[in-house]
Amino acid sequence: MRKSYGDPIAEDLRFVVKSVVGEENFIDMVPNRSNNYCCGGGGGFLQSGYKDQRLAYGKLKDDQIKATGADYCIAGCHNCHAQIHELSEHYGGHYPVVHLWTLICLSLGVLGPREREYLGDDLKEVNVFHPEME
Amino acid sequence: MAEEAIKLGGKKKSIFMDKVKELLPEGGNLNLCLTCGACSSGCPATGLEGMDPRKFLRMAALGMDEEIMSTPWVWMCTMCQRCIYVCPMKIDIPQLVYNARASWPRDQRPKGILGSCDMALRNESRSAMGTSPEDFSFVVGDVLEEYREAQPEFAEMEAPIDKEGAEFFLNQNSREPVTEPDEMVPLWKILHLAGVNWTYGSKGWGGENYCMFLADNDAWETLARTTINQADALGCKTYLNTE
């Protein structure tokens, strides 16, 4: 988020995330804001064919995420989501990686059964909107 | 760190860095390096291909154009700009990387990035998956109809394409309509509940721009202009980029 829009917009997103998950459930990674590291999904890296190097690049991000001890990682865009999701599998952390829209709709009670692909088992069955749709 | 000292061959021949300097405001500060290494110490690409941002810049400054323009490292730097942020002299190393990418013969650049750019040039969706405007329109309409029926609370929800005068022009990563269409729905719901007046474009709805990553300036501009022109033609006030 910091890359394209800068820290003030990132603060707005922190407000959204805290409102959705509860202030006490939000853990910032370290370093954060403009000192944070790119996950390695950007700049075309995902499609470049240099997979080993891309995963090596992402090790730093995976370590950062694990160090928070958080149960979930929220990704800001599709590109980051794809990369961090792969890091979670590759380095064995197996933490779920979700889009922000998923958590917003879950907190609003309007997340249906087919909109939960990236939720972990702990939330998969929680407050399902129109469960008969499955 | 390199195992051996780098040997310089004769006199300085730094044509590449001089060219990039001409392109950038303040020459990208490319000749202001203090060699402190703040860039490299916080760069996740440090060490890949035996390269790091400081080394890359120093090699460019020393005129090692051949090495600079041939190292695959330029495809492993994501141009995230953290190095500029931490640099006391605000040196634009990512632009040096970008222009090194652009110096590669187009057909020798990474096939995946090249293919995604060429897909986007196929039609006016500008989708890296080559999805046509018709297919996009069909999927959006189909998914919307299903959700309106199955979740009656959202019977009035919209997912308009080419809605004139919408406040917001929204783009869409093309993997969602193609491979996981249900993932488009939560965002539609949020926009609906917030009462937002928004639209997709039949042209330029694809949110990703692999031509930019390919460092193909003309194609990058083609993609960007398609989507911006569509937003303008519809009279949209704000462009919402989801990528």
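How many residues of chain A are in contact with chain B, and how many of chain B with chain A? The count is 34 residues of chain A and 36 residues of chain B. Two residues are in contact if their C-beta atoms, placed from the backbone, lie within 7 Å.

This is a predicted model, in which local features need pLDDT of at least 70 and side-chain atom pairs count only at pLDDT 80 or more, while totals for chains, interfaces and linings use all residues. Residues are numbered from 1 along each chain as its sequence is written, and chains are lettered from A and ligands numbered from 1 in the order in which they are written.

**Where chain A touches chain B**

Helices H3, H4 and H5 (100-108) of chain A each supply at least two residues to the side that touches chain B. H5(A) gives the most, with five residues. Helices (H or I, at least four residues) and strands (E, at least two) are DSSP runs, numbered from the N terminus. By class, that side of chain A has 16 nonpolar, 14 polar and four charged residues. Here Ala, Val, Leu, Ile, Met, Phe, Trp, Tyr, Cys and Pro count as nonpolar, Asp, Glu, Lys and Arg as charged, and the others, Gly among them, as polar.

**Two helices in chain A**

H3(A) and H4(A) pack at about 85 degrees, with axes 10 Å apart. Axes are lines fitted to C-alpha atoms, for helices over the stretch in contact, and angles run from 0 to 180 degrees between N-to-C directions. That angle makes the two helices roughly perpendicular (65 to 115 degrees).

| Helix | Residues | Contact residues |
|---|---|---|
| H3(A) | 51-68 | Leu55(A), Gly58(A), Lys61(A), Asp62(A) |
| H4(A) | 78-90 | Gln83(A), Ile84(A), Leu87(A), His90(A) |

This contact has three nonpolar, three polar and two charged residues.

Ala56(A) also lies in H3 of chain A. Ala56(A) counts as partly exposed, because it has 16 C-beta neighbours inside 10 Å. The cut-offs are 20 or more for buried and 12 or fewer for exposed, with partly exposed in between.

**Chain B**

Chain B is divided into domain 1 (15-103) and domain 2 (111-240). The bounds come from an automatic or database domain assignment. The domain centres, taken over C-alpha atoms, are 34 Å apart.

Chain B also has an open sheet of three strands, in the order E2-E1-E3, with parallel pairing. Two strands pair if DSSP finds at least two bridges between them. E2 (198-199) and E3 (238-240) of chain B are at the edges with a single partner strand each, so one side of each has no neighbour in the sheet. E1(B), residues 168-170, pairs with E3(B) over three bridges. Phe168(B) stands opposite Thr238(B) in E3(B).

Methods
Angles under 35 degrees count as roughly parallel, over 145 as roughly antiparallel, 65 to 115 as roughly perpendicular and the rest as oblique.
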